[in-house]
Structure formats: structure tokens, C-alpha cells
Amino acid sequence: MNGRPRKWFRFRIATMLALFLVLFCALVFRAFHLQIMTGKTYKTLAEKQHRKTLQLYPERGIIYDRNGEKLAASILADSVFADPSKIDNADEAAAQLAAVTGQPRKAIAQQISRSKNFCWVARMITPAQSEQIRNLKMEGIYLIQEPKRFYPNRELAGQIIGFVGMDSNGLEGLEMRYDGYLRGEPEKILWGRDARGKKLYMPERSATGKKDEQLSLVLTLDSRIQHAVESNLKEAVLRTRARGGFIIVMDPRTGEILAMANNPVFNPNAYASAAADNKRNKAITDCFDPGSTFKPFLVAAAIEEGVVKESDRFYCENGAYRVANATFHEANRKRHGVLTVREILKYSSNIGSVKISEKLGREKFHGYIRNFGFGQKTNIELPGEIAGLLRPWQNWTQVDTSTVAFGQGVSVTAIQLVSALSAIANGGLLMQPHIVKKFVDSSGETVREFAPTPVRRVISAETARRMTAMLTNVVGEQGGTGKNAALVNVDVAGKTGTAQKFDFAHKRFSSERVRTSFMGFFPSENPRFVMLVSIDEPQLHKWGGEAAAPVFRSISQQLIRCFEHDIGETPPVREKEINAGARIQLVSTPAAIPATGAAEEEEAAMPDFRGMTVRQALKAAQDRGLTMNVTGSGWAVSQRPAAGSPLKGHRSCTVSFSTGD
Amino acid sequence: MQMPARGRRPDFILLFIVLVLIAFGTVMIYSSSYMLALQKYNDGYFFLKKQLFFLVIGLAAMFALMRMPYTWLRRVAYAGMAVSLVLLAAIFIPGIGVTKGGARRWLNLGIFTFQAAELVKVAVVVFLAHYLTRKSAHIQEFRKGFLVPLAVVMVPVAFIVKQPDFGSAVLIMAVALSVLYIAGTRVRYLAGSVLALVPVAVSLVMMKGYRMDRWNTFLDPWKDPQHKGFQIIQSFLSFGSGGPFGVGLGDGMQKLFYLPEPHTDFILSIIAEESGFIGICAVIVLFGLLIFRGFVIAFRVQDSFGSLLASGITILLAMEAFINIAGVMGLIPTKGMALPFLSYGGTSLIVSCMAVGILLNLSTHQKSTPRGTVA
């Protein structure tokens, strides 16, 4: 083969060579595409399968009342989980588990057959159930201890504290509002794992915050007062056959909430079975027309503005007063002639109030209402607060101005009402209502303290003093509407109120469905307690003086008995007595430790040395009082006795190490 | 002027390239198979030891074939085909043939198994080189230059399809057609035969469900990422994890049971993860150089038999490398085919070494052609 054929032969070889060069260039480009251009995406996916992050939350912080009484704490409860890869017969296992946990057998079987290495079977079971499970000694079924939220006082302040879900996440109330603080920073543990789910090397504890950073809350609530309030409220609701009600007790000097009770009650230990409506803290999430309890704020504004004096007389039109196209009457069709301002409050005259508001003017009246804190959130540290309803004064008709004067046509929340009354009680200063006194860490050290915060001065101290005097008359004088709240030896200032509910069906205020309230404070000369008692739709004793005032008196008597001296001091919080180390412990029914899941070796079992360096393994052994025979060097690849076998008897072990390369 | 035909030194560049590939492959086989071997055989060095054993045999074969006068191959060319057929037939004898993963591809040789198709590949190349050289005068004829050689080749190919080893069958056909092209068969015959073989291949694919699955998986691996698409997706993840520089030799995660067959067909994915784009480029460039040297040898060898043999062997190695590399990168459907010199596998290593031995032998027979001049 020479000459021409040879030339063609070479040409053909050259074409083959060129073909392969093109193909191999394509390979390089493809590699570039896979590794450089889209590499990040694949890398993320790969890391997701290679790594397993375990988040270990520190034990949730405790919620204390102001005296260090625990309102919410955590206890350890057993949960059952399965490692389906170790279960041969899912149906049989499900049947056994169903018998103990009471869950449907089918659901369990489905769970088990659906998952690979880990699935929950039952969370936070009773000690008796966990004992039964332990006795079943089933392969692939394990018990793990999880912190469970526990509310030792049951429904006490239930709506305020709220509750946590299965995974210790706050879902309502303070538990939700301060979830981040109570929960603390999780300790993130990264495991490398192979495709069979086996842990590969010891976790690198990531540096996200130090351990036990969770905080406990100390509330301003006093569980003794709370208890007194709740039991009285319950009794009152039963007695008057009301739909419910709420009571707030506040320290007017500081704005601290001492008690806040809702009825019907809610037990956060059984949050799942409670009606959604009962979980709400209606004292801040619901608004209502305040009725006559609104009159003191009108009078305070008028006095502060100097448009009236206590002794100014107003003609009360003998019980029927026509404003524009509406005619106003007194409550219970009473008829009043000429009343002083003092008497207008004492007898709770609607027409007198309307006349005062006419003298004050709607713009100024509106300004004071806002300054007293109505129509805006108080920003108390509780979730779900609403602002209430206060229309701009420009939209008020003459009739509107008149109805607002006796508390209809304006909607307020209980917390707004109490705060506003506190401003009168404490000499004119609106205080920020607050319920969280401080954060403490796990050793009881105060981390952050919330000092009383004044919002603004609403009225002068002089006006406040004169208002207090008038309101004391409402309760103390013969014929006052608040006489049922009077106490022996202690002057009480207060005001009743019954607001008709707006009947949306008939588009008018209903005389059947009312909210009857009493708000007041004592002792008049140096007020320590401001209290609002509000009963929702009582069937008996519809008028504020009859339904709510006796409740106020009853609670006040108990308060006075308890606190004959100053209650402002807060006893220190008791030292935290929870063992910080006892977080998640694994108890396995069979001897073996599961290869996956939130597994930390049980103390009394042989630790899993595999993957440790010699030094780590020696330390791990030392921590458990084991002597270790080391063979080889590098990383531990095998051990005897096997990981997870009970320690009793064995006080030594042999671990083989091997270098990985 | 011509140098003496014999006595030139072998192509050391080629030898060096091959040794680098083998060394790298051995390291990677150790890295990728350690955990698997520990798990399966309780001995992390299990695959490494076996591979080193085969390597000794392979290198011995390489040097033997390098020393031996290559004209000897012409004498065994027909015998080689006969032996191939006997071996392929023997696979179907129970007790001698070994079935793995649903395919009868191996002969039981006592201490190890032998994948007959690997040897057949070289035998076909030797046969074609010899036959086409003899018929060089009639190369443009339809019968002698095309039909007869192709028909002979298709006999062992039929056996291989039956095993089944569709990938090797396609490879042998492609190599055979390429060798015919280089020998000078009319291109229109070759084009016609390709057109005729495509429907055959398509029907073979359609006949077997798993081949169809592989094709569909190739088109869209993410359709079933947990099962059918699992392997190729894991390969992509390996490539992506490696990035430009890799995670470091031995530090890859994908070999920990994520990527099936990390030490055999998918060893390049492990290389991609552990040594990155740099490592992949190195491997591809090494294969490119190997092919280039192979064709240079084919260029320079004096006689047609040597030229055809050198081209055929080069094409064989090039195609094997391309099919594997393109497969693990998702450019073509995955085929259970080893990457020469890098993948674990005794037969593949030994046969590849033998092929390189022949190439090195041929490189000693080239006439020295100064650059730019035509002989």
C-alpha cells in the first residue's frame, strides 16, 4: 500500500482522529457544565442527602408568676418511634402498638410501611403506656423521652399563658409571643451519613449560640389574686347564668397586670380538646361598648378642660331628651330633674352625660378618649390584641357624640378600660399595661427587666383627685349605683356600666343582651388595685350594680385580707431545679440503639465508638467508667461488645481502629 | 531515508500515559471500593488486592505482546475468531458460564471469572486487520471488502447480544465498521449498513423493557429519581459535589452506598467528586493523548496490517472510553461498560493492557518520517 492508496488511508485515519477529538471536546464541555456551571445545584442536593441535622432544643423556659410560682413548666414524657427497617411484620407490630396506644391499627401500619428509618408512633404517652410498650420488647420500636409542657395550675390564667404544640412550639398566648425566648437557640448537630442512614462521624457541634440559652418568664401576675379572681368569676357567671366574663386586676402605679381571668376557662394541658373560642384571651381580643363605665372619662375630660365643675347643675329633662332625630332616656326609665355633675356620675345619668359632652365639644371629647388610650392597642405583651373602634370625630353626628357620652357607639377592650381607669387612679398618668416582669436565665439571674412605663399624662393630678372623690361617692354614698361594691373600712372608687349589645338582626341596641360591668379602684386615697369586672349576657341581675359590683366586692375583700401591706415587692424567683443535662434520653426496648433518629446513647449501654478517633473514643469510654483496649489507629471501625449492649457486667471494651486511607 | 524497520524504541509517551491512568485508577478503585468491600467482604482492600493481581497479569501480557513479533498475530487472527466463538458458546454451558445481574457474560476460571466479550473485541480487530490486508486489492468490492468481513464479525456479536450485553455488541459493530472505513471499504456500503443496523438495534431496544427504561431514563432521569433515575442522578450529584477542584481524594461521600457500582462503571463519578473538574479534564486529556498516540502509530507503521491493527485498537479504546465517560455524564444512555485502565475489573484491565502492548509493539516498527515529508 503505497502512493495514492496510502494517502487516502492516512486521510481516513485523520478523519477518525478528528471525530474523536470533537467527541472528547464535547466530554470536557459536558464536565464543565456539570461541575462548574450547574455544580452548585447538584452540590446542594448532594449535601442534603449526605448530612443530617439534628436540632436539640434546650428545655423550654418556665413561666413563673411574680412570686415564683410555676405557671408553665416542662416534664419529660415518653414518645414511641419506630425504625421500620428493623421491623419485619409491620401489621403485627401495628396491632400490638394499637392495643397500647389506642390509635387505629391501620394508621400505624401505614406509617411504618411508608417511612424508611424513622417514624413517630405515638407522642407523649402516659407512664403506664410506656411501661406496656417497654414490656412488649418489640424489635424496631423505641421509646424516647421528650419534654412535655405541663401547666401545674391547670386552667389558671390559661388564656394568658397559652400553650405549646407537639414539638414544643408556642401556639397561643405568652407561649407563642415569647416562643423564641422560651425555646432558646437549638443546638444544631450535623451528622454525616451514608446512603444506609448510618452515622459516619461524630457530630460537629455548630457554634450557633451557647447551650441553655432559653429564658424563663416572670410575669406580673400573682397566682393568688388570679385564683381568687377566677373562682369569683366562675361563681358569678354561674350565679347570673351569663355566657362568660372577664376580670382584670391592675396595679395602677405601675401598669402591672396582677390578674387577668376569662370565663369560660381553658386548660392548656388539654388544648387539643378545648373549643377554639375558649382559648382566646377575650380581655384583649374582644371589644365591646363600655356603656356607663365610659362616663368618668367624659367627666374627667370636661373637668380637665374646665368646662364643668363638680357642682355645676344640669337639667336632665325628666328622662327624655331629644337630640336631632333621636330621643335619649335614662337607664331603667328613671327620671331625673336637675343634677350636679357629681350626681350625674352617682346616678349614672345618660342625659346629664349627653349635656356635659355637648358642653365639652366632640373634638375635645375625642381627643381625651384617644389620650386615655382608647381606639389604639395598648401594646401589652400578649398576642391578638385589637384596637377597638373609635371613629374620627369628624364623622360623628350629633347623635353619635351623645351616645358616646354614655359609652355606646364606641368599642373598647377590657385592657384599655382598666388602663384608662388606672390613669385616673394614679393621678393622671396613663401607664403602659404589662404582664411580663422580667426574663430570667436558667440559673435565676435576671436577664432583662421591664420597668413600669408611663405612656402620657392624660389629666392633671388635681383632676384625677377630684375624679377619685366623685367616683368614691358613686360607691360610698347612699343611693349610688355602685353601692354593692362598697367595702368596710376601705374607700372604693368605681363606676358601674351596662352596655346594650348591638342586635345585628334588628339593627338596634338590644335590651335583652347586655354586658354588665363594674370597674373600680381602692383604697381611694392611695389606690393599689384597679379592677374591671365584666359579665357577658347575664340572665339574672342585668344591671352593672347588681351583677358585677358584688363580684368586685368579694374579690376586693380577699385582696385586702391578703395584702394588708404593700404588694409591690416581688419575691425572688426560686432557683431553677431542673437538671439541665437531662434533655433527651433514649430508652430502647430491645438492647440495640437505633442507627438513626434523635439517638443519644443511653447511659447504661455500651456507647457506639464507631467513627470516633482514638482520643474521642478514650474520652467517651472514660466518661462512662470503661477501660478500653485499643487496637490499630485512625478511626474506630468495630468494637466489642457491640454498641448498645447493656453495660452491666462489662467494664471494659475492645475497639479496633483503622485509618481510612 | 528510512530507519531500520525493527529496533526503534517503543512509544514511551504512550506507555507513560497508560501507566499514569492505571496508577490513578488503582488509587481510585481503593478509594471508591474500601467501604463497600469492608461491608461486603469485611476487608476494605478486597477489590484493591484483586485489581493489583490482575494488574500484574495485565502488565506481563503487555510486555509479552510488546516483545513478540507482531506478524505472529496474523497467524492467529483466524484462530482468535474461532477461540472467541468457542468461549462465547461456552458461556452458555451451565457450570462454566457465570450469571451476574441477569446476564451470562463470564467464564468461570476457578479463582476468577473471565468476561469473554472483552477478548472478543481485540480478536475482532486482529481478524479484520488481517483479513482486510489480505483482500486489500478487493477492498472496494461489495462481497470481499464488506459483506464477508462484516458477516464474520456478526457471528460473535450475535452471541454477545444473546448474553445479553447489548453495549458490547454495539461497540464491536461500531469498531468493525470504523476499521472497514479505514481499510477503504466504500463509504456507501458502510452508510447503508448503518441504516440497516439502526432498525435492528431499535427493535432490540424495544424488545427488552429494561433497555427501554434506560432510554427513557436517559431522556429524563428526574422522572423517577428514586429508582430508574437514581444511578445517573447520583452520578450528577458526584460531579456537582466535586466542583472545580474536588473534595479531596478519599473524602468523597457518594461512594458510601449512594452511587451504585462506584468502583466499576461509575468510577469516573467518584473521580469527579474527589478530584473535581481538574481531575476529569486530566482523565479526558490523557485518553485524548492516548488516542492521538495510537493514531500516530497507525500513521507511521510501514505495513497495512500494522496500520489497520493500530487504528483498530485505538478506535476500540477510544470508543470504550467515550461510551463510559459520556454515559456517566448523561450524554448517552448508561451502558454497563468499564472505563479502560480506571474501572475495577480484571478482564477489562488485562485486555486493555494487551491492546496497549500490541500498540507499543507496533510503535517499534514505524519508519521514521521527518515532519512535513510524505513517504
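Strand E9 of chain A, which spans residues 244–251, is mostly covered, since eight of its eight residues are buried, where buried means under 20% relative accessible area, with a 1.4 Å probe and protein chains only. This is a predicted model, in which local features need pLDDT of at least 70, side-chain atom pairs count only at pLDDT 80 or more, and totals for chains, interfaces and linings use all residues. Residues are numbered from 1 along each chain as its sequence is written, and chains are lettered from A in the order in which they are written. Strands are DSSP runs of E with at least two residues, and helices are runs of H or I with at least four, numbered from the N terminus.

In a regular strand the side chains alternate between the two faces of the sheet. On one side of E9(A) lie A:Gly244, A:Phe246, A:Ile248 and A:Met250, on the other A:Gly245, A:Ile247, A:Val249 and A:Asp251, and all of them are buried.

Two strands pair if DSSP finds at least two bridges between them. E9(A) is joined by seven bridges to the antiparallel strand E23(A), residues 529–536, where A:Ser534 stands opposite A:Phe246. Seven bridges also link E9(A) in the antiparallel sense to E10(A), residues 256–263, and there A:Ala261 is the bridge partner of A:Ile247. The hairpin of E9(A) and E10(A) has four residues between the strands, and in it A:Gly255 takes a positive phi near 80°.

Turning to chain B, the model shows 12 helices and three strands, and 57% of the 375 residues of chain B count as buried.

Technical notes: Side-chain values use heavy atoms; hydrogens and water are left out. Buried means under 20% relative accessible area, exposed over 50%, partly exposed in between (1.4 Å probe, protein chains only).
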